[in-house]
Amino acid sequence: MSVLTRDEAQTRAELLDVHRYTIELDLTTGDETFDSRTLIRFSARTDGDTFVEVRPDELRSVTLDGHPLDPEALDGNRLALKNLTAGEHELRVHALMRYSRTGEGMHRFTDPTDGETYVYTQLFMEDVQRVFAAFDQPDLKAVFELSVQAPEGWTVLANGITEQTDGVWKAAPTPLISTYLVAVAAGPWHSVRTEHRGLPFGLHCRRSLAPYLDADADELFDVTRACYDRYHEKFDEPYPFDSYDQAFVPEFNAGAMENPGLVTFRDEFVYRSAVTDTERQTRAMVIAHEMAHMWFGDLVTLKWWDDIWLNESFAEYMGYQTLTEATRFTDTWTDFGITRKSWGYDADQRPSTHPVAPEAVDDTASALLNFDGISYAKGASALRQLVAWLGDKDFLAGINTHFARHKFGNATLADFIDSLAGATERDVHAWADAWLRTTGVDTLTPQVAPGENGTCALTVDHAGSRPHHIAVGLYDRDLGDDGGHLVLRERLHLDLPQDDAQPIGKRPALLLLNDGDLTYAKVRFDSESFETIRKELSGLPEPLTRAVVWNALRDAVRDGELAPAAYLETARAHLPLETDLAVVQGVLAFASTYITDHYLTPEERPAALATLSDLCRDLIRRTEDGDNPGLRLIAVRHRIDVAAHPDTIAAWLADGTVPGGPELDPELRWRVLARLAVLGATDEAAIAAELERDPSATGQEGAARCRAALPDPEAKARAWQAMFGSDDLSNYLFTATAAGFWQPEQAELVRAYVPRYYTDAVAVADRRGPAIATAVGRSAFPAHAVDAEHLRLGEECLRDAGPIPALRRKLVDQLDDLARALRVRQGKEI
């Protein structure tokens, strides 16, 4: 398959205007393929040659202006259109298309619970070609008119309101949108509908999930309405489409996709088991994020993929900010700081880092790699810093100018900066150059110098080149009766780089740079502040402040400046007193994966697991009164995951409950069984019995993970064959199998598979494409094998084996993390 280059897209955009697609899909032709007929009306500005993209199972016929073209002329995914004359044209393409099992194109899924089948599209980047013929680039917007023949009993959802006549569903024509935003979801959906401000709202899921969607429908609609109303307060342009459906679909590769009028979400957001309030907040943030895309990305769309950030960074920032302003989730930036921001920091320190807005993305394969922590988390952090610098009023004024200038069209970074510059006297162009065109993370370190009469002055050492507007928190010890707390004396606001030292009065017990987390930078502590943190971190009054501190400690571990054991000691001392769920979850996740599984040696790991087990036990005891079920659930989950001995969790599984609660729902039962499998304390019979108890799609995934985790040579061989020896596993079952396969406790058992991984990973990625390649590089990578020989094997693969871009990018990142872990183990600063 040929990937589209920037130069080819520019040439085609100069030649063509695309007006309308009329698409007819027939989903009644069998389980493997579907029928696709496309009529494209377009015009050529001058005489010339071009091409249309399509990736059929069989190309049955093509006519251009009534004249047949040879289907055999299809070259990969391109069909040449030669000798076009200036003026209007009609292209008709009839193809047989293949359903996908990897979440790309038209994905088909049969629910093991009830045997019902569902299909949905994910057409992002290049996958529209798997469904219908198209001039597939974002700046050739058109009107899309879609009809779908579906089996009896199915409902068809699309970008516009759909109506059925004699088994054929027709969607209202769209406004001008890009090819990658076209969406279809068809099947016997369970639907909940309402209206808001005259606009139809709908929620849709598989029938087997109906009770769970119904239980949360009020919450989902409340968040949707609140975000819709708040965006209409912020934006002058009204919502630009005729309906707003949200479909929760199976085996979805992303969190969600911003198709206009039909947002698709992974259906894990329809909760079958207990979740924490932070997880509900995450779901609400995704709703807010995707709705922001209706303006950022759908109404105004990037011209080429180098401006991915114009979509994702804005939706990320607006999602968190709008959720805070408009819903009961008022502390979203804490979760962003502890979860999303670390994703950005990690990505920005790898060899694969790139600017938020790179100056040149040569082709679509390269662009696909940039949907990462930089385009999302770093970009959103940069925008938060921009708002802190500009002020919300000027920022929104620039945004609304941008919408007015480019609605239903395409825009670039230069267009956006020009819109902002017209709303402020500040030099936004210089800000953009410093923040959006550079890579890496600045580091801010405080220097406190004594002055007269017991006073001090602050100078910030600034390793990096970006300007920063930050808050500096000065905290003193509480001298009240109870003590044990830190109180905020003052928050200073500084612009970096500084002109002069900043007087701060008497020396505080803790001086915290970037208090409030307004900028994107690593922060360090002076020696006295670090001692305060070590002893009194849990005494800080605000969760966002504590998140900034925990992030700084995390960065110090990764940079070899803080021993992993010291991080664990700090967690053991302070996490049992933590009240914020996002902070507890973030710290435990880092401690139980990066520290225990990567940064500590195998000899040190048992003691670390024991420390975490004791910490979780304390949290479980603390929540025995039932006041904080979310905190208890987090503690129970992690207690299961770090169990070094099976007795306690096996008893929980046998009793169906943790003493004092919670009862073990399907998620917890599969979690316990997976850990028992790792420890060799269960068998195939128990896994089969649990699958009979829970035959759902998530049950199938749980069983696949458990079977791959069994410490048995034959079980490992079967799992490896399923992943790499055949192409039968869906994207989700592949990931579940991979999650079970590699276990630090089983390093000797799977040692021979580490070199096999590189040969087999390259082959399966080449056969199955980017989605599976990403899963191979992310979930199937032997990250537990932290040694020099593994690093050598990986570097040899990158040098000699030619992995496809999606796998290469994952391997580059994984091997960099592996090298970092080796240096941390050796006590080296990074």
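This is a predicted model: local features need pLDDT of at least 70, side-chain atom pairs count only at pLDDT 80 or more; totals for chains, interfaces and linings use all residues.
Are Trp 720 and Trp 742 buried or exposed?

To answer the opening point, Trp 720 and Trp 742 are both buried. One is formed by Phe 124 and Trp 305, with 5.4 Å from centre to centre and 70° between the planes, an edge-to-face arrangement. This pair links distant parts of the chain, 181 residues apart. Phe 124 belongs to the loop between strand E9 (117–122) and strand E10 (143–149), whereas Trp 305 belongs to the loop between strand E20 (300–302) and helix H4 (308–326). Phe 124 and Trp 305 are both buried.

The other is the tryptophan pair with which I began. The ring centres of Trp 720 and Trp 742 lie 5.9 Å apart and the planes stand at 85°, so this pair is edge-to-face.

Arg 12 places its charged end over the ring of Phe 51, 4.6 Å from the ring centre. Likewise, the charged end of Arg 466 sits over the ring of Trp 435, at 5.5 Å from its centre.

I turn now to the nonpolar cores. The largest comprises 151 residues, and those with the most contacts inside it include Tyr 21, Phe 132, Trp 309 and Phe 395. Helix H4 gives the most to this core, contributing nine residues. What does Phe 395 contact, leaving aside its neighbours within four places in sequence? Its partners are Phe 314, Tyr 317, Met 318, Leu 383, Leu 386, Val 387, Leu 390 and Leu 420. Another core, of 126 residues, lies apart from the largest one; among its members are Val 448, Leu 553, Val 587 and Leu 615.

Finally, the sheet. Five strands form an open sheet with mixed pairing, in the order E15-E16-E17-E19-E18. At its edges are strand E15 (190–196) and strand E18 (256–257), each of which pairs on one side only. E18 is joined by two bridges to strand E19 (residues 262–266), and these two strands run antiparallel. Within that pairing, Ala 256 has Phe 265 of E19 as its bridge partner.

How values were computed: Residues are numbered from 1 along each chain as its sequence is written. Side-chain values use heavy atoms; hydrogens and water are left out. Two strands pair if DSSP finds at least two bridges between them. Helices (H or I, at least four residues) and strands (E, at least two) are DSSP runs, numbered from the N terminus. Rings of Phe, Tyr and Trp (its six-membered ring) pair if their centres lie within 6.5 Å; planes under 30 degrees apart count as stacked, over 60 as edge-to-face and the rest as tilted. Buried means under 20% relative accessible area, exposed over 50%, partly exposed in between (1.4 Å probe, protein chains only). A charge sits over a ring if NZ of Lys or CZ of Arg is within 6 Å of the ring centre and within 35 degrees of the ring normal. A nonpolar core is a set of buried Ala, Val, Leu, Ile, Met, Phe, Trp, Tyr and Cys residues joined through side-chain atoms within 4.5 Å. Contact means heavy atoms within 4.5 Å.
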